[in-house]
Amino acid sequence: MNIPNILTVIRIILVPVFVIFLIRGSFLSALVVFVVAGITDALDGFLARVLNQQTVLGAYLDPIADKALVATSFVSLSIMGFIPGWLAVIVISRDSIILLGILLFFILSVSFEMKPAFVSKLTTVFQILTVVFVLLFQCFPRYAWDNVLGTLIWSTAVVTVISGLYYIRVWFLYAGRGPRNNE
């Protein structure tokens with residue numbers, strides 16, 4: 001275990017803490033936990049590159065931690081009625097498409113290189129901003145977040161759908177190559 005992997009494990013541990021704060025209605029605490037989790041995400045990737053501590057374990061744990069945090073956030077906030085259910089479905093569906101594509105190619109022994117596309121990074125930014133603004137709205141309801149939040153929800157939906165379609169296109173391109181022998 002190295003520092004980046006420890007930070008990733010901390011992010012995984014923060015997911016249930018985040019949910020507990022949401023359930024208790026402690027939105028400011030939930031916001032702080034979410035922001036801390038986001039900082040660990042940025043920090044673990046940065047440290048892994050700078051300290052040359054990129055590991056196979058980290059390559060698996062990091063996306064699991066990211067998906068767990070995002071999925072849990074959107075499902076929880078949707079159940080609580082703070083974001084539309086359809087948005088949570090779109091976010092979870094996109095992540096499922098990505099994970100199913102990776103699993104399918106692994107099973108079929110199709111070699112591929114997974115690099116995050118710009119639209120994928122943009123999707124992550126919009127999803128994180130949506131969660132942050134929803135929590136800010138719960139913490140400070142007297143401020144005029146409604147217009148920002150409505151625009152952010154629709155923008156997140158559009159970018160997430162575009163990202164999902166991008167990955168479907170990538171899967172079809174890779175699928176056309178067929179299985180590869182690892183000689």
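Contact means that heavy atoms lie within 4.5 Å of each other. With that in mind, welcome to a set of close-up views of a predicted model.

**View 1. Asp44 and the residues it touches.**
Let us start with Asp44, a residue of helix H2. Which residues does Asp44 touch, not counting residues up to four places away in sequence? They are Pro4, Leu7, Thr8, Arg11 and Asp62. Is Asp44 buried or exposed? Its relative accessibility is 4%, and because buried means under 20%, Asp44 counts as buried.

**View 2. A salt bridge between Asp44 and Arg11.**
Here the side chains of Asp44 and Arg11 come together in a salt bridge, with 3.0 Å from N to O. Asp44 belongs to helix H2 and Arg11 to helix H1, so this pair ties together parts that are 33 residues apart in sequence. Both of these residues are buried. The two side chains are also joined by a polar contact of 3.0 Å. If you widen the view, you can look for a network of salt bridges that links Arg11, Asp41, Asp44, Asp62 and Asp66.

**View 3. Thr8, another partner of Asp44.**
Thr8 has its place in helix H1, which covers residues 3-24. How does the side chain of Thr8 meet the side chain of Asp44? The two make a polar contact of 2.6 Å. Leaving aside neighbours within four places in sequence, Thr8 is in contact with Asp44, Leu61, Asp62 and Ala65. With a relative accessible area of 2%, Thr8 is buried.

**View 4. Asp95 and its two salt-bridge partners.**
Now move to another spot, where Lys67 forms a salt bridge with Asp95. The closest N and O atoms of this pair are 3.5 Å apart. Lys67 sits in helix H3 and Asp95 in helix H4, so the bridge ties together parts that are 28 residues apart in sequence. How exposed is Lys67? At 23% relative accessibility, Lys67 counts as partly exposed, whereas Asp95 is buried, with a relative accessible area of 6%. The side chain of Asp95 also meets that of Arg94 in a salt bridge, at 2.9 Å from N to O. Like Asp95, Arg94 is buried. For the whole structure, the count comes to six salt bridges.

**View 5. Phe18 and Phe34, a pair of aromatic rings.**
A pair of aromatic rings is described by the distance of the centres and the angle of the planes. A search of the whole structure finds four aromatic pairs. In one of them, the rings of Phe18 and Phe34 have their centres 5.7 Å apart and their planes at 45 degrees, so the pair is tilted. The pair links distant parts of the chain, with Phe18 in helix H1 and Phe34 in helix H2 (residues 27-50), 16 residues apart. Phe18 is buried at 0% relative accessibility, and Phe34 is buried at 5%.

**View 6. Trp86 and Trp154, another tilted pair.**
What are the distance and the angle for the rings of Trp86 and Trp154? Their centres lie 4.7 Å apart and their planes are at 40 degrees, so this pair is tilted. Trp86 lies in helix H4 (residues 85-107) and Trp154 in helix H6 (residues 146-175), so the pair ties together parts that are 68 residues apart in sequence. Trp86 is partly exposed, with a relative accessible area of 36%, while Trp154 counts as exposed at 54% relative accessibility.

**View 7. The largest nonpolar core and another one apart from it.**
In soluble globular proteins, nonpolar side chains tend to be buried together. The largest nonpolar core in this model has 29 residues. Which of them touch the most other members? They are Phe18, Leu22, Phe34, Phe74, Leu77, Val131 and Leu135. At least two residues of this core come from each of H1, H2, helix H3 (56-79), H4, helix H5 (118-139) and H6.

Terms used:
Residues are numbered from 1 along each chain as its sequence is written. This is a predicted model: local features need pLDDT of at least 70, side-chain atom pairs count only at pLDDT 80 or more; totals for chains, interfaces and linings use all residues. Side-chain values use heavy atoms; hydrogens and water are left out. Helices (H or I, at least four residues) and strands (E, at least two) are DSSP runs, numbered from the N terminus. Buried means under 20% relative accessible area, exposed over 50%, partly exposed in between (1.4 Å probe, protein chains only). A polar contact is a pair of N or O atoms within 3.5 Å; within protein, one must be able to donate a hydrogen and the other to accept it, and residues adjacent in sequence count only if both atoms are side-chain atoms. Rings of Phe, Tyr and Trp (its six-membered ring) pair if their centres lie within 6.5 Å; planes under 30 degrees apart count as stacked, over 60 as edge-to-face and the rest as tilted. A nonpolar core is a set of buried Ala, Val, Leu, Ile, Met, Phe, Trp, Tyr and Cys residues joined through side-chain atoms within 4.5 Å. A salt bridge is a side-chain nitrogen of Lys or Arg within 4 Å of a carboxyl oxygen of Asp or Glu.
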